[in-house]
Amino acid sequence: MSVIKLGTRGSKLALWQAYFIKETLEKGGLEVEIVIINTKGDQILDRSLSKIGSKGVFTEELEEQLRSGAIDIAQHSAKDLQSELADDLELIAFTEREKVNDVLVSFDKSLSLESGKPFVVGTSSTRRVAMLKHFYPHITTVDMRGNLQTRMGKLESGVCDALLLAYAGVHRMGYMEHVAELISTDKFTPAVGQGSVALECAVSLDPEKKAKIRELCNHPETEQQLLAERAFLKRLQGGCSIPVFGLATTVNSEQLAVNSEVTAENSSNLLTDNCSLITVTGGIVSLDGSEILKETVTGNNPLELGEALAEKILSLGGDKMLADIKANL
Ligand SMILES: NCc1[nH]cc(CCC(=O)O)c1CC(=O)O
């Protein structure tokens with residue numbers, strides 16, 4: 001098979017992910033060349049993503065190169081991917097998800113959101129700002145864009161007391177020693193896709209290449225979860241600048257038996273071929289944090305589940321919340 005050209009953004013986090021994919025593919029006997037592509041999201045650092053117009057700011061240039069054939073696949077943080085792809089593009093793999101939590105990062109390890117003590121958190125994610133306002137109103141936020149290194153630099157220079165970041169990025173970048181607190185997903189449901197790396201290609205890519213790449217990189221359980229979360233996001237038409245959150249987890253037959261005290265025999269009746277049920281929790285929070293809608297659905301068809309959850313949220317007032325948010329961004 002010819003050399004796989006893997007497109008990636010050039011940030012350290014993106015490169016970490018690209019080398020991770022390269023190694024995975026090489027272990028399976030493929031040859032890989034990394035191609036670094038600059039995106040609008042990397043260039044425009046003085047405006048928040050919600051103002052640039054979030055659709056595809058980190059993906060557009062990569063997608064052009066997929067179409068032209070200059071690269072075979074592109075790697076993205078699944079979280080940064082818009083919920084709807086053009087018809088000529090597809091996602092062929094989702095890597096096994098890391099811990100999905102957000103973490104509080106600080107040089108002062110005694111800081112804690114739960115402590116009730118006020119301090120300043122740097123973040124520009126509308127989800128994180130709104131969730132902080134809702135669950136931790138004693139916290140002040142300052143807007144902070146840029147890659148993880150830039151943000152760590154700003155933290156160090158005292159622009160804020162702490163950062164709120166995805167565990168996955170902090171772990172990959174080796175900043176674990178500065179994690180002051182792991183935020184519970186019960187309160188802080190993560191962004192859709194958080195913690196997994198997605199591989200995108202043109203539909204027209206050589207089927208043999210596609211199949212081999214998928215076989216080596218895709219983690220089926222993560223894929224089912226992300227299909228559910230992304231179906232949810234798609235129905236809500238949320239880009240990454242809308243404070244929508246969603247997390248799917250897989251319940252295997254043993255857990256099901258333990259958790260709901262049904263017998264293994266009973267539970268197997270509920271389960272499908274791949275022996276798993278998916279639970280999706282998701283919702284939406286108003287920009288000022290005053291209102292939050294959160295629901296959970298369980299079932300075995302990821303796409304139906306994601307859509308059902310979205311319909312539930314919309315019918316409970318989410319439609320109005322979304323309209324308000326879009327008018328105010
Ligand atoms: N929004 C930027 C972004 N995109 C992916 C990650 C981290 C890795 C991941 O969640 O998979 C981050 C940083 C962060 O939110 O802290």
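I count two residues as in contact if their C-beta atoms, placed from the backbone, lie within 7 Å. Helices (H or I, at least four residues) and strands (E, at least two) are DSSP runs, numbered from the N terminus. My model is predicted, so local features need pLDDT of at least 70 and side-chain atom pairs pLDDT 80 or more, while totals for chains, interfaces and linings use all residues. Residues are numbered from 1 along each chain as its sequence is written.

**Helix 4**

I looked up the buried residues of helix 4 (60-68) and found Leu 62, Glu 63 and Leu 66. Buried means 20 or more other C-beta atoms within 10 Å of a residue's own; exposed means 12 or fewer; partly exposed is in between. Seen down the helix axis, these buried residues fall within an arc of 100° (taken from the directions from the axis to the C-beta atoms), so they line one face. They pack against strand 1 (4-8), strand 3 (73-77), strand 4 (89-94) and strand 10 (197-202). Just after helix 4, I noted Gly 69 with a positive phi of about 85°.

**Leu 111**

I found Leu 111 in the loop between strand 5 (102-105) and strand 6 (120-122). Is Leu 111 buried or partly exposed? It counts as partly exposed, because it has 17 C-beta neighbours inside 10 Å. Leu 111 and Asp 161 are 50 residues apart along the chain, yet their C-alpha atoms are separated by 8.5 Å. Leaving aside neighbours within four places in sequence, the contacts of Leu 111 include Phe 119, Asp 161 and Ala 180.
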